[in-house]
Amino acid sequence: MEQDLDPSLPSSRHLLSSILAMEPSHCVISHARACGGGSITGQVQQFIWDHCLSAPGDFHAPYLKNFLKKLISQVESDRGYVLDNLYELYAHYMTSFKDDSLTKRDAKICKRISFLFPEGCSELLSCPHSRAVVFSLQCSLNMLEGDTGCSIWPSSLFLSELILSHPELFSNKSCFEIGSGVGLVGLCLAHVKASQVILSDGDLSTLANMKFNLELNNLNVEANMTEGNKDPNMVKCLYLPWESASESQLQEIMPDVVLGADVIYDPACLPHLVRVLAILLNQMNSSVCRQHSSCKNLSPNIKLGNGEPNHENDIEICDGRCKAIYNDGSSSMSKEAPVAYIAYVIRNIETFNYFLSLGTQANLDIVDLTDSLKPLNLLCFMQSFNQASVRLLRITSSNIQ
Ligand SMILES: C[S@@+](CC[C@H](N)C(=O)[O-])C[C@H]1O[C@@H](n2cnc3c(N)ncnc32)[C@H](O)[C@@H]1O
């Protein structure tokens, strides 16, 4: 049975969101059929026209041309009636775009990714009144461009759903992402009000594209680690190849939360990736020590100028929390141990096992949280994304457990 077409209703929202996200035509067509009770009725075509095609604006014309071709052929094969406007727009694209423009692999496109909150989510700080959070992302049609960083990979969709579903894990925390690609995770972190968002990548063209996307979504970009900026819309973007990232450079970051999406895939990079994670996660001692003149329990070798150990302030670590205890008996600076959330798709089990063994050697505790920390299904319209294909790891340093 044909359903009401109203952008506030789930089936209509799914249809519009799938066009905005440039989902494959067959996925969009299945949403169109769902809206029309099984067929792409005139009313459904009119709805698509009114909300997406009448003002195609910055839509990728080759995508629309291909979509219109498939839509029209589906309606015709159902012996349905095709809206004149759709025929005319298709004819316009046929004459305006030669087929070679469709196949330019380095072409940039702009996808709009809509995270749709189900009913009953209004208490979540990430859920806006409209129940939809929409980000625009410039990406490449070439999956390998920018060392793979100019495409949206499934793990970043998963991590984004996680951040929006569990904002309490990230809001008011300093968050640092490695291999950030197009910057989607950073947009979600800024949305849930992380106290600081630092993104990074080891590819310069990816970094440039990431900055473009942050600005496209009204965030301000800062390229270095200058202290003290309290602009809530400020995101830092760092050029940070894991191979050359120095210990002091990483220690300057001192995040509460480290994130990574689809970064476990190249065996040659894994030793460097694990080294970066180990330094970032093993920082509580150095961060506290830097703020205090001594650190007896963690660094017993720190001595005063006269050679005596300095017991002025002691640091205790208990249950992953860090506490500074002063001689006058007071204590302060409780800080949770840093934690990493890494989302990944297993494409090669040997590569993944190699990552695990390197992690163990580096004293990292790696726990699979996939079954215990599930995100909401905020991208349920996106048939090209399978949330269940992504796994989630929680990594901490066993040195400071
Ligand atoms: C598969 S993409 C994932 C991008 C993004 N996180 C996502 O999930 O959509 C891998 C990302 O890691 C970055 N990367 C790969 N090797 C790296 C290295 N050695 N140092 C820093 N970044 C690296 C790439 O530039 C790319 O942005």
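**Burial, strands and confidence in a predicted model**

Reader: What element holds Val133?
Author: Val133 belongs to strand β2, which covers residues 132–140; a strand here is a DSSP run of E with at least two residues, a helix a run of H or I with at least four, and both are numbered from the N terminus. This is a predicted model, in which local features need pLDDT of at least 70 and side-chain atom pairs count only at pLDDT 80 or more, while totals for chains, interfaces and linings use all residues. Residue numbers start from 1 along each chain as its sequence is written.

Reader: Why is Val133 called buried?
Author: Its count is 20 other C-beta atoms within 10 Å. Buried means 20 or more such atoms within 10 Å of the residue's own C-beta, exposed means 12 or fewer, and partly exposed lies in between, with C-beta atoms placed from the backbone. Val133 therefore counts as buried.

Reader: Which residues does Val133 touch, leaving out those up to four places away in sequence?
Author: Val133 is in contact with Phe115, Pro128, Leu164 and His191, where contact means that the C-beta atoms, placed from the backbone, lie within 7 Å. As for Leu378, 245 residues away along the chain, its C-alpha atom is 9.6 Å from that of Val133.

Reader: What share of the protein's contacts with a separation of 6 or more joins residues 24 or more positions apart?
Author: That share is 67%. The protein has 12 helices and 13 strands, and 38% of its 401 residues are buried.

Reader: What makes a group of residues a nonpolar core?
Author: The members must be buried Ala, Val, Leu, Ile, Met, Phe, Trp, Tyr or Cys, joined through C-beta atoms within 7 Å. The largest such core has 77 residues, with Leu189 and Leu277 making the most contacts inside it. Helix α10 (residues 270–281) gives the largest share of this core, 9 residues. Another core lies apart from it and has 19 residues, including Phe47, Leu53, Leu68 and Leu71. Beyond its neighbours within four places in sequence, Leu277 contacts Val258, Ala340, Leu364 and Ile395.

Reader: What makes β7 mostly covered?
Author: In β7, 5 of 5 residues are buried. Val257, Leu259 and Ala261 point one way, Val258 and Gly260 point the other way, and all are buried.

Reader: How do you know which strands pair with β7?
Author: Two strands pair if DSSP finds at least two bridges between them. Strand β3 (residues 174–178) has 4 bridges to β7 and runs parallel to it, so this pair meets the criterion. Strand β11 (residues 339–344) is joined to β7 by 5 bridges, also in parallel. Val257 of β7 is the bridge partner of Cys175, and in β11 the bridge partner of Val257 is Val339.

Reader: Are Lys193 and Met254 buried, exposed or in between?
Author: Lys193 has 15 C-beta neighbours inside 10 Å and so counts as partly exposed. Met254 has 17 inside 10 Å and is therefore partly exposed as well.

Reader: Which residues around the ligand come nearest?
Author: They are Gly149, Ser156, Gly179, Gly181 and Gly202, out of 22 residues around the ligand; a residue is near a molecule or strand if its C-beta atom, placed from the backbone, lies within 6 Å of it. The shell has 7 nonpolar, 10 polar and 5 charged residues. Ala, Val, Leu, Ile, Met, Phe, Trp, Tyr, Cys and Pro count as nonpolar, Asp, Glu, Lys and Arg as charged, and the others, Gly among them, as polar.

Reader: What is the pLDDT of the model, and where does it stay under 50?
Author: The mean pLDDT, the predictor's confidence in each residue from 0 to 100, is 85, and 81% of residues reach 70 or more. Over residues 285–326 pLDDT stays under 50, and the model has 71 contacts beyond four places in sequence for them.

Terms used:
Two residues are in contact if their C-beta atoms, placed from the backbone, lie within 7 Å.
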